[in-house]
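Please read the following report alongside the sequence and the coordinates, which are shown directly below.

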Amino acid sequence: MRALAPLPLDKAAFREKYGPWAVIAGASEGTGECYARELAEMGINLVLISRRQSALDELGQKLKSEFGVDYRAVAQDLTEEGAGLRILDAAKGLDVGLYISNAGADNFVSFFEDSTESAHRLVRMNISTLIDATNGFGKGFLSRGKGGIIVMASGAGLGGQPNLALYSATKAFEINFAESLWGEYHERGIDVIGIAAPIMRTPMLLRTVPADFDLSEVYEPADVTHNALAGLLAGEPLQIVPDGPGQEKQPQVQADRKARLVAFVEFNKMFTGG
Ligand SMILES: NC(=O)c1ccc[n+]([C@@H]2O[C@H](COP(=O)([O-])OP(=O)(O)OC[C@H]3O[C@@H](n4cnc5c(N)ncnc54)[C@H](OP(=O)(O)O)[C@@H]3O)[C@@H](O)[C@H]2O)c1
């Protein structure tokens, strides 16, 4: 397994800024479960969303008994039309300070041989559902004057990748979307971070790759999600976890993207008057 140095994270400050409730879309296993566990450890209550009600109930019960947090477990397929609005319904009446758009993986496919139905499902999950959920939670964050959004994207969103045409394209959307929202709302107390995640040892990955796949260069999901939470609190717009061909250049890519974004925050004030 590949090591990732943990970033410092002030748990009390995190709870104060993003508590008392967090919503995780795609929470039952993998990185979603890692987010849920670390947030519960910090005393943040959870709305857990994914397709398998029983897995969510089991996780919610476990975290409630270990950490004393409250939870809601809501079964929802994120690829369905209107899923983002149903995520907002699932959290109705709760003081939500954090939304994590987590689920979003896809299998390796050949675009021309595949049907466009699976492509449209991925677009609904990674784009339409993300738009509706972040728009709704963001309105709440604006009136509370604080809040956070984590978008689990992928290194595949930093450029095109064979066999991942729709995945790469939707992850590029997620990264640009998160950066744009950071640029627009960071100065108003709302933090947004896109995570260009690396290959991680999640149950989804293990179900997908061949049995002899070399796991030595794969990251632990809990290491990546910890640093994502720390990056959000630190006010970063994008975290690229080095991975794949050209990874030695990725810290510079991250720095260049942030510098460009910061410059655009000032540049756009010419157009918006603000
Ligand atoms: N694993 C990697 O190597 C890797 C690499 C780069 C980026 N990422 C990104 O990291 C995130 C998490 O990846 P992951 O590997 O943990 O796999 P994932 O399939 O994206 O996420 C798994 C979680 O999401 C839920 N889920 C999956 N499809 C769903 C759907 N249609 N509707 C509702 N919930 C759904 C699953 O629970 P249910 O089965 O109960 O629905 C499970 O809790 C994704 O955004 C992915 O693109 C992963």
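The report below treats the sheet, its strands, the helices, some loop residues and the ligand shell in turn.

## The sheet and its order

The model is a predicted one. Its seven strands form an open sheet in the order β3-β2-β1-β4-β5-β6-β7, and the pairing is parallel. The edges are held by β3 (71-75) and β7 (238-240), each of which has a single partner strand, so one side of each is left without a neighbour in the sheet. From one strand to the next, the twist averages 15 degrees.

Strands of a sheet pair through backbone hydrogen bonds, either parallel or antiparallel. Here, β1 (residues 21-25) and β2 (residues 45-50) run parallel and are joined by five bridges, with Val23 standing opposite Val47 in β2. Strand β4 (residues 96-101) is joined to β5 (residues 147-152) by four bridges, again in the parallel sense, and Ile100 has Ile150 of β5 as its bridge partner. Between β5 and β6 the parallel pairing extends over six bridges, and the partner of Met152 in β6 is Ile195.

## Two covered strands

Strand β1 is mostly covered, since five of its five residues are buried. Trp21, Val23 and Ala25 are buried on one side, while Ala22 and Ile24 are buried on the other, which leaves both faces of β1 covered. Within this strand, Ile24 counts as buried because it has 28 C-beta neighbours inside 10 Å, where 20 or more are required. Leaving aside residues up to four places away in sequence, Ile24 touches Gly32, Tyr35, Ala36, Leu46, Leu48, Ile49, Ile100 and Asn102. Its C-alpha atom is separated by 14 Å from that of Ala55, a residue 31 places away along the chain.

Strand β6 is likewise described as mostly covered, with seven of its seven residues buried. Both faces of β6 are covered: one side carries Ile190, Val192, Gly194 and Ala196, the other carries Asp191, Ile193 and Ile195, and these residues are all buried.

Among the residues of α8, Pro221, Asp223, Val224, Thr225, Asn227, Ala228, Leu229, Gly231 and Leu232 are buried. The elements that cover these buried residues include α1 (11-18), α2, β5, β6 and β7. After α8 comes Gly235, whose phi is positive, near 85 degrees.

## Ala90 in helix α4

Ala90 lies in helix α4 (residues 83-90). With 19 C-beta neighbours inside 10 Å, Ala90 counts as partly exposed, because a buried residue would need 20 or more. Not counting residues up to four places away in sequence, the contacts of Ala90 are with Val47, Ile49, Arg72, Val74 and Gln76. For Val74, which is 16 residues from Ala90 along the chain, the separation of the two C-alpha atoms is 6.7 Å.

## Backbone features in two loops

Gly19 and Pro20 are joined by a cis peptide bond, with omega at about 0 degrees. Pro20 is placed in the loop between α1 and β1.

In the loop between β5 and α6, Asn163 has a phi near 70 degrees, a positive value in a residue other than glycine. Asn163 is partly exposed, because 13 other C-beta atoms lie within 10 Å, whereas a residue would be called exposed at 12 or fewer.

## The shell around the ligand

The ligand is surrounded by 27 residues, of which the closest are Gly26, Gly30, Arg51, Ala103 and Gly104. By residue class, the shell divides into twelve nonpolar, eleven polar and four charged residues.

Helices α2 (30-41) and α7 (203-208) each supply at least two residues of this shell. The most comes from α2, which gives three residues to the shell around the ligand.

How values were computed: Residues are numbered from 1 along each chain as its sequence is written. This is a predicted model: local features need pLDDT of at least 70, side-chain atom pairs count only at pLDDT 80 or more; totals for chains, interfaces and linings use all residues. A residue is near a molecule or strand if its C-beta atom, placed from the backbone, lies within 6 Å of it. Ala, Val, Leu, Ile, Met, Phe, Trp, Tyr, Cys and Pro count as nonpolar, Asp, Glu, Lys and Arg as charged, and the others, Gly among them, as polar. Two residues are in contact if their C-beta atoms, placed from the backbone, lie within 7 Å. Two strands pair if DSSP finds at least two bridges between them. Axes are lines fitted to C-alpha atoms, for helices over the stretch in contact, and angles run from 0 to 180 degrees between N-to-C directions.
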